[in-house]
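Colleague: I would like to learn how to read the features of a model like this one. Please give me the general idea each time, then the case at hand.

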Amino acid sequence: MALSESPFACDHSALTPEARKHHSDEVVPALRRLVKSRREVPDGYAFELPAESAAILLAAEFASIERLCCPFLDIALRIEREHGKFWLELSGRPGTKEFIREDFAPWFS
């Protein structure tokens, strides 16, 4: 049985107004300020963040909320071995890359 696919749109009903405000006004801007670099991956983009505990925890908070309102996203947190780089990867089915580029436009400037 195939899963139905959600639209490329944020589901605002997935969060309480307070959670949505916290996510959009605090978590997302704080994470965006930490972006050190970005790279294109086959189905989306990966954003390099500081490989520090505070950034990892913030990215985990972002992922735990973002998965509720944007269920079409694949979200991966990748920490490279030997104290390497830390990446937040957003990807998904065809069309996701274009959504990310538009919806996360400030992350590319």
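Colleague: Which residues does F62 touch, not counting residues up to four places away in sequence?

Modeller: Before that, the ground rules. This is a predicted model, in which local features need pLDDT of at least 70 and side-chain atom pairs count only at pLDDT 80 or more, while totals for chains, interfaces and linings use all residues. Residues are numbered from 1 along each chain as its sequence is written, and side-chain values use heavy atoms, with hydrogens and water left out. Contact means heavy atoms within 4.5 Å. On that basis F62 touches H23, V27, V28, L31, L88, L90, F104 and W107.

Colleague: Which residues have the most contacts inside the largest nonpolar core?

Modeller: A nonpolar core is a set of buried Ala, Val, Leu, Ile, Met, Phe, Trp, Tyr and Cys residues joined through side-chain atoms within 4.5 Å. Buried means under 20% relative accessible area, exposed over 50%, and partly exposed in between, with a 1.4 Å probe and protein chains only. Here the largest core has 25 residues, and L31, F62 and W107 have the most contacts inside it.

Colleague: Which elements give two or more residues to this core?

Modeller: Elements are DSSP runs numbered from the N terminus: helices are H or I with at least four residues, strands E with at least two. Those giving two or more residues are α1 (17–34), β2 (44–49), α2 (53–69), β4 and α3 (96–103). The largest share, five residues, comes from α2.

Colleague: How should I read the helix α1, and where does it bend?

Modeller: Start with its span; the expected value is 1.5 Å times one less than the number of residues. α1 has 18 residues and reaches 25 Å from its first C-alpha to its last, close to the 26 Å expected. A bend at a residue is the angle between axes fitted to the seven residues ending there and the seven starting there. α1 bends by about 35 degrees at H23. H23 is also one of the buried residues of α1, along with V27, V28, P29, A30 and L31. The buried residues of this helix pack against β2, α2 and β4.

Colleague: In what order do the four strands of the sheet lie?

Modeller: Strands of a sheet pair through backbone hydrogen bonds, either parallel or antiparallel. Two strands count as paired if DSSP finds at least two bridges between them. The order here is β1-β2-β4-β3, in an open sheet with antiparallel pairing.

Colleague: Why is one side of β1 and of β3 left without a neighbour in the sheet?

Modeller: β1 (37–41) and β3 (73–79) stand at the edges, each with a single partner strand, so one side of each has no neighbour in the sheet.

Colleague: How many bridges join β1 to β2?

Modeller: Five bridges join them, and a hairpin connects the two strands through two residues. R38 has F47 as its bridge partner in β2. F47 in turn has L88 as its partner in β4. β2 and β4 pair over six bridges, one of which sets E48 against W87. Six of the six residues of β2 are buried.

Colleague: Last one: is S91 buried or exposed?

Modeller: S91 counts as buried because its relative accessibility is 9%. S91 sits in strand β4 (residues 86–92). Leaving aside neighbours within four places in sequence, its contacts are D43, G44, F72, L73, D74, T96 and I100.
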